[in-house]
Amino acid sequence: MRELRSLGKSLAGIAGVILFSAGTQAGPLEELRAAAQLPAIDLAQLKSGQIVTQRAAEGDFSRGISIQSCYFVAAPVATVGKALLHWNPAQHRGSDVRLYREYSLSAPRGAFEGVRLNSNIANDRWLLERTYEIADGGAAGDLHLTAPEVELVRKEVPKKGAAAAQAREARANDAWGAILRRRSESLAQGGMSAVAPYGNDRSISPGSEFRGLLSLDSRAAKHFRSIVTARPFAAKGSAAAEVVGYWETTQVRSHTALQLGVFAAHETADSWQLADCIYYPSDTYFMALNLFQLWPVEGGTLVWQVGFVSVPFRGYLGGVDRYVARKQLKQETIETIKAFQAALARQR
């Protein structure tokens, strides 16, 4: 993505926590204690099913919230890493994701032809109706669209009465496929900073949200520096070991939203780091970012997960909406972790 404010500093300040005694490399629990904002961790309790969560410090980024989690998965690091990279939430009961598609970030053409909002599905109608309003000359409203993207919708989607409802719906889907494809291509070519900003004042961009979220937790940002400064996140970074592009349709506040994301991994002989970023939701919120550290421990993998979300909080509510969002993020995180642990347990 761009120069990461808190990441460009020297790592010399944390060198002492990587070596906890003369000439001895720190183990997973020592590294975890040094980098995480978590209460005391008992590995035996994690192995028995405990999931430890903790709200992270809020920092100065007014749109962001963050939560940290730690848990155990009874599978090797490589198995856990691959499962995370290719996790399909649509296959798991209770998920709000209805459709999930992976694609190669380097060759996205054709990857978005499967966008199929359906007016017969109640949740889809909200997004379709707002797309039609734009086609008929209305403003972007609640949708995260640039001026060129608004013009694309008006060009591609027939006005009311100019085409049959079925044809209009198909053209709306084509327009959204083109919007997602263009944004994905921008990320692949120039990192997060190349993806177009939106809003009336162009103040919201993937680059700014990514930087802002990482600023909430400088220790985590330093720890995950190798992955968050890699391509495709940063244009000039070293390439991540593996990158998975994806898009999905999911339920957000009782309606369907389209989401565009990327999952990347940095692998070493004894641990993995992964970053999962939804860098373009069609509406409602601005970004979701999850960072994962995987360490091998006896019997499986110790996972440290740091989750961030950027949301347009309303100051006049006195922090109530932030409290509710943080509580919801914690619950959704725990539910997803349990589903992931159960899925890998079934594979054994």
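Q: Are helices H6 and H7 roughly parallel or roughly antiparallel to each other?
A: The general idea is to compare the N-to-C directions of the two axes, with an angle over 145 degrees counting as roughly antiparallel. In this predicted model, the axes of H6 (residues 147-156) and H7 cross at roughly 150° and come within 9 Å. H6 and H7 are therefore roughly antiparallel to each other.

Q: Which hand does the crossing of H6 and H7 have?
A: The crossing of H6 and H7 is right-handed.

Q: Which residues of H6 and H7 meet?
A: A contact list is read from both sides. H6 supplies Glu 149, Leu 152, Val 153, Lys 155 and Glu 156. From H7 come Arg 171, Ala 175, Ala 178, Ile 179, Arg 182 and Arg 183. Sorted by class, this contact of H6 with H7 holds five nonpolar and six charged residues, and no polar ones.

Q: Ile 179 is on that list; is Ile 179 buried or exposed?
A: Burial is read from the relative accessible area, where under 20% means buried. Ile 179 lies in helix H7, and because its relative accessibility is 1%, Ile 179 counts as buried.

Q: What is Ile 179 in contact with?
A: Sequence neighbours within four places are left aside in such a list. For Ile 179, the contacts are Leu 145, Glu 149, Leu 152, Val 153 and Tyr 280.

Q: At what angle do the axes of H5 and H7 cross?
A: Again the angle is taken between axes. Helix H5 (residues 122-135) and helix H7 (residues 165-190) have axes that cross at roughly 90° and come within 11 Å. An angle of 65 to 115 degrees counts as roughly perpendicular, so H5 is roughly perpendicular to H7. The H5 side of the contact consists of Leu 127, Leu 128, Thr 131, Tyr 132 and Ala 135, and the H7 side of Arg 168, Glu 169, Ala 172 and Trp 176. By class, the contact of H5 with H7 has six nonpolar, one polar and two charged residues.

Q: How far apart are the axes of H5 and H6?
A: The axes of H5 and H6 are 8 Å apart, and the helices pack at an angle of about 90°. H5 is therefore roughly perpendicular to H6. Here Thr 131, Ile 134 and Ala 135 of H5 meet Val 150, Val 153 and Arg 154 of H6. The class count for the contact of H5 with H6 is four nonpolar, one polar and one charged.

Q: Where is Ile 334 found, and which residues does Ile 334 touch?
A: Ile 334 is found in helix H11 (residues 320-347). Apart from residues up to four places away in sequence, Ile 334 touches Ile 51 and Thr 53. With a relative accessible area of 16%, Ile 334 is buried. The C-alpha atoms of Ile 334 and Ala 170 are 37 Å apart, and the two residues are 164 residues apart along the chain.

Q: Which backbone angles call for a second look?
A: Most residues other than glycine have a negative phi, and most peptide bonds are trans. In this model, Arg 253 has a positive phi, near 50°. Arg 253 sits in the loop between S6 and S7 and is exposed, with a relative accessible area of 63%. Thr 284 also has a positive phi, near 80°. Thr 284 is in the loop between strand S8 (272-281) and strand S9 (287-297), and at 16% relative accessibility Thr 284 counts as buried.

Q: Which residues does a cis peptide bond join?
A: A cis peptide bond joins Arg 231 and Pro 232, with omega about 15°. Pro 232 is in the loop between helix H10 (225-228) and strand S6 (242-252).

Q: What is His 255 in contact with?
A: His 255 lies in strand S7 (residues 255-267) and is buried at a relative accessible area of 6%. Beyond its neighbours within four places in sequence, His 255 is in contact with Asn 123, Trp 126, Thr 250, Asp 283 and Thr 284.

Q: How many disulfides does a search of the whole structure find?
A: A disulfide is a covalent bond between the sulfur atoms of two cysteines. The search finds zero disulfides. Cys 70 is buried at 0% relative accessibility, and Cys 277 is buried with a relative accessible area of 0%.

Technical notes. Residues numbered from 1 in each chain as written. Predicted model: local features only at pLDDT ≥ 70, side-chain atom pairs only at ≥ 80, totals over all residues. Heavy atoms only, no water. Disulfide = S-S within 2.5 Å. Buried < 20%, exposed > 50% of the residue type's maximum accessible area, 1.4 Å probe, protein only. Axes fitted to C-alpha atoms, helices over the stretch in contact; angles between N-to-C directions. Helix = DSSP H or I, 4+ residues; strand = E, 2+ residues; numbered from the N terminus. Parallel < 35°, antiparallel > 145°, perpendicular 65-115°, else oblique. Contact = heavy atoms within 4.5 Å. Nonpolar A, V, L, I, M, F, W, Y, C, P; charged D, E, K, R; others polar. Left-handed = near helix turned anticlockwise from the far one by under 90°.
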